[in-house]
Amino acid sequence: MIRELTCVACPLGCAITVDYNDTEVLSVTGNTCKRGDAYARTEIVNPTRSLATTVKVNGGVHPVVPVRSNKPIPKKMMFECMKTINSVSVDAPVEIGQVIIQDILGTGADIIAANYD
Amino acid sequence: MINYDLVVIGGGPAGMAAALKAKECGVGSILILERAETLGGILEQCIHTGFGLHYFGEELSGPEYAERFIKELKTTDIQVKCDTMALDISENNVVTAVNKTDGLLKIQAKAVILAMGCRERPRGALEMAGTRASGIMTAGTAQKYVNIDGYMPGKEVVILGSGDIGLIMARRMTLEGAKVKVVCEIMPYSGGLTRNIVQCLDDFDIPLRLSTTVIETHGKDRLEGVTIAKVDEKLQPIKGTEEYIPCDTLMLSVGLIPENELTKNVGIEMDRVTNGAVVDEMRQTDHKGIFACGNVLHVHDLVDYVTLESQLAGQGAAEYILNKQPKETVYVSTTTGTGVRYLVPQRVNIKNPNDVKLYFRVGRIFKNAKVVLECDGKVISSKKKVKLAPGEMENVIIPADVLASMNESGVICVRVEE
């Protein structure tokens, strides 16, 4: 089977063609870097995305602080992760890089603060 | 009157990178003036990731990208005044600014770097019938509401314009539980990065309707819906294609305008296409000692490129202040050939001893085309491109040896060949 993809690994957005069957990826073409190859293979088997959102802050300068996953999480778990993130809050002061939720829903990714507050 | 070697107007990614580079190049006293309460500019509300892939080789959020520079600034003696509004720049580089603690400030600078960024085109700039119901806002305003102020501006959203901020907000609103019904784009192509269409719209099955616009808004106090319609080649609505879509929020992502009020007041020559100043390869304007970089010069897609360009401006300002500019200046204009909408810089000093990178945008989508660079009528390079789109800034390099061999009355031209 052939699938045409636009790589989202970086803003270049290379047009990638993947040939695959039920058991394996046969070839990846059109990518201009290693990350593109990796992206295409994951996209066929188990698509993942970085997740960026905010978390409530108690007693901070702002009502919320931005957070992100420190590695991509399975695309199909995006909304479940959002639910978990929206159910917690963090006390000020918040440090950049501070782990807010460890190993969110067993994905292996931590949710970390992306700014101070 | 206070004296500084260099005054940088704007403390976003452009201003910070320019100031740091100027410091590295040996400039003595540097002052950054920032209108907001903190440094970082618009990056502070751009919480999505994808920043820094080129420059740092990692994927950061906007605030994290800004933080790298804020941290570095703290290790220098560069002065920063936040909450400070620059009002005017005089003929002889006196910057007038105002804030709550100092009152009115007059700052004599040897050089000035303009790094004021851009703002969003508002509703008033569009021909759209309807009332002034609440719920109509630019995508960037909505981004601030959600990401900084922490509340949702609506539940059912229509987005007009497929610029990157609109696409990013389509995903953001969806993640927070809103229903984004459609993104309408008046042009036959999207103005955003392809990767954003994939990961912000396709991932969430949000439809993108090309050659479609909003012709009317409905609702008295709160927006109740919009009428959308297809447009013809002249971008005029086609009768009979109208469709009513109920929604409580309309977000506009219909273009960015460089904030050049200060620039124009000095009388600096402007480029009608970029809406920014006309500059040379070190980003110096036609007013000696005034430089411009980042989105105030031309709107960029990627902050990484803003950083690189601003470092050039910082270096240029340092060379000006320290009297290290090339001894001779012979400007050759860069001209846009077929398919190229604009070029920055607009002129190049052929006595500059380094390679010069020209940034440009194409006027429409090209597939399997070539980007051709011509100097004095000779083809210098011809680079194959699978795809060229107006939403994605491209660049081409003039090698130093080519520049050195150029005619004083020569021409540099970039064009697209199909």
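The buried residues of helix H3 (residues 139-147) of chain B pack against strand S5 (52-58) and strand S6 (64-69) of chain A, and also against strand S9 (118-120), strand S11 (136-138), helix H4 (164-175) and strand S18 (249-252) of chain B. Contact here means heavy atoms within 4.5 Å, and buried means under 20% relative accessible area, with exposed over 50% and partly exposed in between (1.4 Å probe, protein chains only). The model is predicted: local features need pLDDT of at least 70, side-chain atom pairs count only at pLDDT 80 or more, and totals for chains, interfaces and linings use all residues. Residues are numbered from 1 along each chain as its sequence is written, chains are lettered from A and ligands numbered from 1 in the order in which they are written, and side-chain values use heavy atoms, with hydrogens and water left out.

**Helix H3 of chain B**

- Helices (H or I, at least four residues) and strands (E, at least two) are DSSP runs, numbered from the N terminus.
- The buried residues of H3(B) are Ala139(B), Gly140(B), Ala142(B), Gln143(B), Val146(B) and Asn147(B).
- These residues lie on the same side of H3(B), because they cover an arc of only 155 degrees around the axis; the arc is that of the directions from the helix axis to the C-beta atoms.

**The parallel sheet of chain B**

- Five strands of chain B form an open sheet with parallel pairing, in the order S11-S18-S12-S13-S14; two strands pair if DSSP finds at least two bridges between them.
- S11 and strand S14 (208-210) of chain B stand at the edges with a single partner strand each, so one side of each has no neighbour in the sheet.
- From one strand to the next, the twist averages 20 degrees; axes are lines fitted to C-alpha atoms, for helices over the stretch in contact, and angles run from 0 to 180 degrees between N-to-C directions.
- Strand S12 (residues 156-160) of chain B and S18(B) run parallel and are joined by four bridges, and Val158(B) stands opposite Leu250(B) in S18(B).
- H3(B) packs on this sheet, where it touches S11 and S18 of chain B, and its direction makes about 90 degrees with that of S11(B).

**The antiparallel sheet of chain B**

- An open sheet of three strands, with antiparallel pairing, has the order S22-S24-S27 in chain B.
- Strand S22 (340-344) and strand S27 (394-398) of chain B are at the edges, each with a single partner strand, so one side of each is left without a neighbour in the sheet.
- The twist in this sheet averages 30 degrees from one strand to the next.
- S22(B) and strand S24 (residues 356-362) of chain B run antiparallel and are joined by four bridges, with Leu343(B) opposite Phe360(B) in S24(B).

**Nonpolar cores**

- A nonpolar core is a set of buried Ala, Val, Leu, Ile, Met, Phe, Trp, Tyr and Cys residues joined through side-chain atoms within 4.5 Å.
- The largest nonpolar core has 40 residues, of which Leu51(A), Ile85(A), Ile100(A), Met173(B) and Met251(B) touch the most other members.
- H4(B) gives the largest share of this core, six residues.
- A second, separate core of 34 residues includes Leu39(B), Leu73(B), Ile78(B) and Ile113(B).
- Leaving out residues up to four places away in sequence, Met173(B) touches Val146(B), Met152(B), Pro153(B), Gly154(B), Val157(B), Ala178(B), Val180(B) and Met251(B).

**A buried alanine**

- Ala19(B) is in helix H1 (residues 13-24) of chain B and counts as buried, at 0% relative accessibility.
- Not counting residues up to four places away in sequence, Ala19(B) touches Val8(B), Ile30(B), Ile32(B) and Ile78(B).

**Loops and backbone angles**

- A cis peptide bond, with omega of about -5 degrees, joins Ala92(A) and Pro93(A); Pro93(A) is in the loop between strand S8 (89-91) and strand S9 (99-101) of chain A.
- Another cis peptide bond, with omega of about 0 degrees, joins Val344(B) and Pro345(B); Pro345(B) lies in the loop between S22 and strand S23 (347-349) of chain B.
- Leu105(A) is not a glycine, yet has a positive phi of about 50 degrees; at 40% relative accessibility, Leu105(A) counts as partly exposed.

**Domains of chain A**

- Chain A is divided into domain 1 (2-45) and domain 2 (52-113); domain bounds come from an automatic or database domain assignment.
- The centres of domain 1 and domain 2 of chain A, taken over C-alpha atoms, are separated by 29 Å.
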